[in-house]
Amino acid sequence: MNEDTLNMEVRKFLKQVGVTSQRELEHAIVKAVETGELKGTETLQVKMTLELPDVRLTHTIEDQIKLE
């Protein structure tokens with residue numbers, strides 16, 4: 001295994017996850033505010049689960065997103 005290659009591949013994956021996740025979160029929240037589903041003052045619960053089935057890894061991160 002080449003550790004430099006592993007590091008670059010993991011970073012590339014995490015960058016893609018970060019960019020697309022941010023876009024999806026923002027789009028969903030803005031749409032929910034526009035349709036009246038959210039007021040725009042809430043604190044939203046958020047959960048992200050990372051899975052790497054080949055090594056039986058499941059890692060979940062839970063947090064909050066404050067809209068104000």
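Start at the N terminus and walk along the protein chain: the elements come in the order α-β-β. That makes 1 helix and 2 strands, where helices (H or I, at least four residues) and strands (E, at least two) are DSSP runs numbered from the N terminus. Before going on, keep in mind that this is a predicted model, in which local features need pLDDT of at least 70, side-chain atom pairs count only at pLDDT 80 or more, and totals for chains, interfaces and linings use all residues. Residues are numbered from 1 along each chain as its sequence is written, and side-chain values use heavy atoms, with hydrogens and water left out.

Now step back and look at the overall outline. Along its principal axes, the C-alpha trace of the protein chain spans about 50 × 20 × 20 Å. Its radius of gyration is 16 Å, while a compact globule of 68 residues would come out near 11 Å. (That radius is taken over C-alpha atoms, and the globule rule is 2.2 Å times the number of residues to the power 0.38.)

How much of the chain is buried? Of the 68 residues, 9% are buried. Here buried means under 20% relative accessible area, exposed means over 50%, and partly exposed is in between, using a 1.4 Å probe and protein chains only.

Next, take a look at contacts, meaning heavy atoms within 4.5 Å. If you take the contacts between residues at least 6 apart in sequence, 27% of them join residues at least 24 apart.

Leucine 25 is a handy example. You'll find leucine 25 in helix 1, where it is partly exposed with a relative accessible area of 36%. Leave aside its neighbours within four places in sequence, and leucine 25 is in contact with Val46 and Ile65. Leucine 52, on the other hand, is 27 residues along the chain from leucine 25, and their C-alpha atoms are separated by 22 Å.

What about charge? The protein chain carries 9 positive and 13 negative side chains, and the centres of the two sets lie 1 Å apart. In this count Lys and Arg are positive and Asp and Glu negative, with His and the chain ends not counted; the place of a charge is NZ of Lys, CZ of Arg, CG of Asp or CD of Glu.

Side chains of opposite charge can pair when their charged atoms come close. How many salt bridges does a search of the whole structure find? It finds 1, with a salt bridge being a side-chain nitrogen of Lys or Arg within 4 Å of a carboxyl oxygen of Asp or Glu. The partners are lysine 12 and glutamate 9, at 3.4 Å from N to O. Lysine 12 and glutamate 9 are 3 residues apart in helix 1 (residues 3–34), so about one helical turn separates them. Lysine 12 counts as exposed at 52% relative accessibility, whereas glutamate 9 is partly exposed at 43%.

Arginine 56 has a phi near 55 degrees, a positive value in a residue other than glycine, and it is exposed, with 75% relative accessibility. Proline 53 lies in the loop between strand 1 and strand 2 too, and at 63% relative accessibility proline 53 is exposed. Proline 53 and glutamate 26 are 27 residues apart in sequence and 28 Å apart in space, C-alpha to C-alpha.

Finally, step into strand 2 (residues 57–66), which holds leucine 57. Leucine 57 is partly exposed, at 34% relative accessible area.
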